Amino acid sequence: MFEFQGDFMMILSIALFVAKGFALVDCVSRRPSQLDSLDTLPKQTWLIILGALLVAHLVSPSPLSILNLIGTVAALVYLAQVRGSINR
């Protein structure tokens, strides 16, 4: 039972890390003018938020820690708001 829970938490942690990493790489690859045309945060702000919370995930890999939950929400907001709007 506990082995399954540990494996599930590890898989969840890796999946959330990949989502945050994907959001960060996507943000790095965007031109600042693409984000300026949207009603959102500037590129530098997104880079600081996503980068700092990705590092926080490396420091504390538990997917239920508060910093990881905030990082997951930030990455999902970036992917939904910025990447979703640009790809339309």
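Q: What does the accessible surface of the protein come to?
A: About 5700 Å², and carbon and sulfur atoms hold 72% of that. Accessible areas here are Shrake-Rupley values with a 1.4 Å probe; for residues, only the protein chains shown count as cover.

Q: What kind of model is this?
A: A predicted one: local features need pLDDT of at least 70, side-chain atom pairs count only at pLDDT 80 or more, and totals for chains, interfaces and linings use all residues. Residues are numbered from 1 along each chain as its sequence is written, and side-chain values use heavy atoms, with hydrogens and water left out.

Q: How many helices and strands?
A: Four helices and zero strands. The order from the N terminus is α-α-α-α. Helices (H or I, at least four residues) and strands (E, at least two) are DSSP runs, numbered from the N terminus.

Q: What does the C-alpha trace span?
A: About 50 × 25 × 20 Å along its principal axes.

Q: Which residues form the largest nonpolar core?
A: That core has 12 residues: Ala23, Leu24, Cys27, Leu35, Trp46, Leu50, Leu54, Ala75, Tyr78, Leu79, Val82 and Ile86. A nonpolar core is a set of buried Ala, Val, Leu, Ile, Met, Phe, Trp, Tyr and Cys residues joined through side-chain atoms within 4.5 Å. Buried means under 20% relative accessible area, exposed over 50%, partly exposed in between (1.4 Å probe, protein chains only).

Q: Which elements give two or more residues to this core?
A: Helix H1 (2-29), H3 and helix H4 (66-86). H4 gives the most, with five residues.

Q: What does Tyr78 touch?
A: Ala23, Asp26, Cys27, Arg30, Trp46, Leu50 and Arg83, leaving out residues up to four places away in sequence. Contact means heavy atoms within 4.5 Å.

Q: Which residues of H4 are buried?
A: Asn68, Gly71, Thr72, Ala74, Ala75, Tyr78, Leu79, Val82 and Ile86.

Q: Switching to Ser13. Buried or exposed?
A: Ser13 is buried, because its relative accessible area is 10%. Ser13 sits in helix H1. Beyond residues up to four places away, Ser13 touches His57, Pro61 and Pro63.

Q: How far apart are Ser13 and Pro63?
A: They are 50 residues apart in sequence, yet 5.1 Å apart C-alpha to C-alpha.

Q: Why does Phe17 count as partly exposed?
A: Because its relative accessible area is 29%. Phe17 is also in helix H1.

Q: Where does Leu38 lie?
A: In the loop between helix H2 (32-36) and H3. Leu38 is partly exposed, because its relative accessibility is 23%. Apart from neighbours within four places in sequence, Leu38 contacts Val82, Ser85 and Ile86.

Q: What separates Leu38 from Gln5?
A: 41 Å between C-alpha atoms, at 33 residues apart along the chain.
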